[in-house]
Amino acid sequence: MSGFVLAIDQGTTSTRAILFDGQMKVVGSGQKEFTQHYPASGWVEHDPEDIWASVVSTVKAALKQAGRHASEVAALGITNQRETVVIWDRATGKPIHNAIVWQDRRTAPLCQKLKKQGLEKKFTKKTGLLLDPYFSGTKIAWMLDKVKGARKRAEKGELLAGTIDSFLIWRLTGGKVHATDATNASRTLVYNIAENAWDDELLAILKIPAKMLPGVKDCADDFGITEKNLFGAEIRILGVAGDQHAATIGQACFEPGMMKSTYGTGCFALLNTGSDLVRSKNRLLTTIAYRLDGKTTYALEGSIFIAGAAVQWLRDGIKVIGKAEQSGKLAAEADPTQNVYLVPAFVGLGAPHWDAEARGAIFGLTRNSGPAEFARAALESVAYQTRDLLEAMRKDWKGASAKTVLRVDGGMVASDWTMQRLADILDAPVDRPTILETTALGAAWLAGSKAGVWPDAKKFAKSWALERRFQPDMESSMRSAKLAGWRDAVRRTLSVQ
C-alpha cells in the first residue's frame, strides 16, 4: 500500500484538500472559498451544498496537481470548522436549512433563558462548556423550532443532525455512515465528556431527539469508504478531528503540559492535560483533546473570537492596509510613545470573559494616531488575549508551568513582528514549526497511522521540526505597563461593569 494520505480541511471561509506522500510532505493541494451568508445582525450561515461542492472540487484538484489517482491513496482524514451544524433529510441527504456557523449569535436569548433557570452548572459539569451561542446544541434546537415541521420529522427519525464532519461523512459514503469523532462531539453541548456518551438529560432540556445524532468514534477509526464515483476509486476514511484538535495533533502536543495556539480567523489555544479532566475555575473550556485506542486525552481550551479577523478589519473595514501581510511592517513603524489599545469585541468577547454583548472599542487615541498605531493595536490585541488565556490556564492547572512553550500555527504566524510581540507579552518562548499546515497534517496523521502507512505517535512527534523560536525581549516594566493598559481597556469594554 502506498503512503499517500489525503486530508480534507473544511474551514470557516474556505475548504482545502491536501495530499501528503509517505514522508508526510505536501505533494498536491486544492483550495476553494465559499460564500458567507449574514441574514441578520449577528447571524452567520453557510450553504451546505456550497461546502460539499468545495470538498469534491478541492480533492480532485489536489489529486490532479500531484498527478496521482484516488486508487493510490491509502487513507483520508477529515478536519473541520467546529460547532457549525447541519440538519439534513435521512432519505435524500438534503439539508433542511443553511448550516448555522460557530460564530453565529442567534441563540443568545435561549442561552440566557437556560442560565436564568440555573442550568449552566449542569451543562458545564457534564460537557466542560459554557452556555454560549458558540456551541452546537442550541443551534440544533433553534432549527427544530424554527423550520416548519422539523421537530415532528426529527421525532419520526426522518432527519439527521451533525457537525460538518458528520455531514461530509454521510455524503462521502453515500449515506451509509452517520458518525462523528469524540472531539467534535465534545463541542455540541450535549456530550458527556467524562462518560464519553450523548447525555440524555441535556438532550431532553434542549428537546433534541437522540436518534438524530451520529455514532461517536475514536479520532483514528473506521468512518467508512467514499463512493467510487466521486473520485474514481474508493478511499477509506480513517481519521476525523475538529480543526483545533487536529492542529494539536499536528503540532505533536501529545504530552501533558504541551500547548498550541492557532491564529486564524479566531485564536484557539489548547493545553494538553492528559487524563486529567480539569474543571476550570476561570471560565476556560474543558474539552477532549483527542481519543485514541479508546483512551481519552483532555485539554483546557481558550477561545478568542477575533485574531486574524482583526487584520481583515484593517484591510477591509478601515482600509489602512491593502494586504494582510503588510500589517506587521506597518505595526513596526508605530510611535512607541503612544499607547493605543484595540479591544476587538466585534462579535463579543470569548474566554475568559464570555461576554456576548461586548462590542469592539479603541482607547488611547491622540491627534497623532494613524494607520501604524491601528495596525500595532490590532496585532497586540491578539498577544494580550493569548496572555489572558495563559494566565487562566496557569491558575486552573498546576501542569501549566511558567516554562510552558507555545507552539503556534495559522495564517498570522508568518509575521515575525507579531510572533516576537507575542513572545514579549507572554514572557514565554514561541515556537514556529517548519510545517505550518498543522491542522491538515493532524488529520492526515490520524488516517495514515490508522492505515499503518505512517508512523506511530512517538515517531511522529520526533519528526516535528522547529523553524524559529521567538524569545521574549521586552523589559518587564514595559510589559507590566502594557498589560495594565490592556486590562483597563477590556474593563471599559465589558457589557456589565
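Glu-380 and Arg-421 form a salt bridge whose closest N and O atoms are 2.3 Å apart. Here a salt bridge means a side-chain nitrogen of Lys or Arg within 4 Å of a carboxyl oxygen of Asp or Glu. Glu-380 belongs to helix H13 (residues 371-396) and Arg-421 to helix H14 (residues 416-426), so the pair ties together parts that are 41 residues apart in sequence. Helices (H or I, at least four residues) and strands (E, at least two) are DSSP runs, numbered from the N terminus.

A word on the model before going further. It is predicted, so local features need pLDDT of at least 70 and side-chain atom pairs count only at pLDDT 80 or more, while totals for chains, interfaces and linings use all residues. Residues are numbered from 1 along each chain as its sequence is written, and side-chain values use heavy atoms, with hydrogens and water left out.

**Around the opening pair**

Are Glu-380 and Arg-421 buried or exposed? Glu-380 is buried, with a relative accessible area of 1%, and Arg-421 is buried too, at 16%. Buried means under 20% relative accessible area, exposed over 50%, and partly exposed in between (1.4 Å probe, protein chains only).

Leaving aside neighbours within four places in sequence, Lys-482 is in contact with Tyr-341, Glu-380, Tyr-384, Arg-421, Ile-425 and Met-474; contact means heavy atoms within 4.5 Å. Lys-482 has 9% relative accessibility and so counts as buried.

Angles run from 0 to 180 degrees between N-to-C directions, and axes are lines fitted to C-alpha atoms, for helices over the stretch in contact.

Now look at strand S15 (residues 267-274). Since 8 of its 8 residues are buried, S15 is largely enclosed by the rest of the structure. In a regular strand the side chains alternate between the two faces of the sheet. In S15, Cys-267, Ala-269, Leu-271 and Thr-273 point one way, while Phe-268, Leu-270, Asn-272 and Gly-274 point the other way.

Which strands does S15 pair with? Strand S14 (residues 259-263) runs antiparallel to S15, joined by 5 bridges, and Thr-262 has Phe-268 as its bridge partner in S15. A hairpin of 3 residues connects S14 to S15. Strand S17 (residues 295-304) is also antiparallel to S15, with 7 bridges, and Leu-271 has Leu-300 as its bridge partner in S17. S14 pairs in the parallel sense with strand S20 (residues 406-409) over 4 bridges, where Ser-261 stands opposite Val-408.

The whole structure holds 34 salt bridges. Three of them are set out here.

| Salt bridge | N to O distance |
|---|---|
| Glu-380 and Arg-421 | 2.3 Å |
| Arg-151 and Asp-145 | 2.8 Å |
| Lys-122 and Glu-201 | 2.9 Å |

Lys-122 in helix H3 (residues 120-127) and Glu-201 in helix H8 (residues 200-206) link distant parts of the chain, 79 residues apart. Lys-122 is partly exposed at 30%, and Glu-201 is partly exposed at 37%. Arg-151, in contrast, counts as buried at 18% relative accessibility. Arg-82, Glu-83, Arg-187, Asp-243 and Glu-301 are linked in a network of salt bridges.

**A pair of packed helices**

Two packed helices are described by the angle between their axes and the distance between the axes. Helix H1 (residues 48-66) and helix H6 (residues 164-172) pack at an angle of about 60°, with axes 11 Å apart. Pro-48, Glu-49, Ile-51, Trp-52 and Val-55 in H1 meet Ile-164, Phe-167, Leu-168, Arg-171 and Leu-172 in H6.

Technical notes. Pairing = 2+ DSSP bridges.
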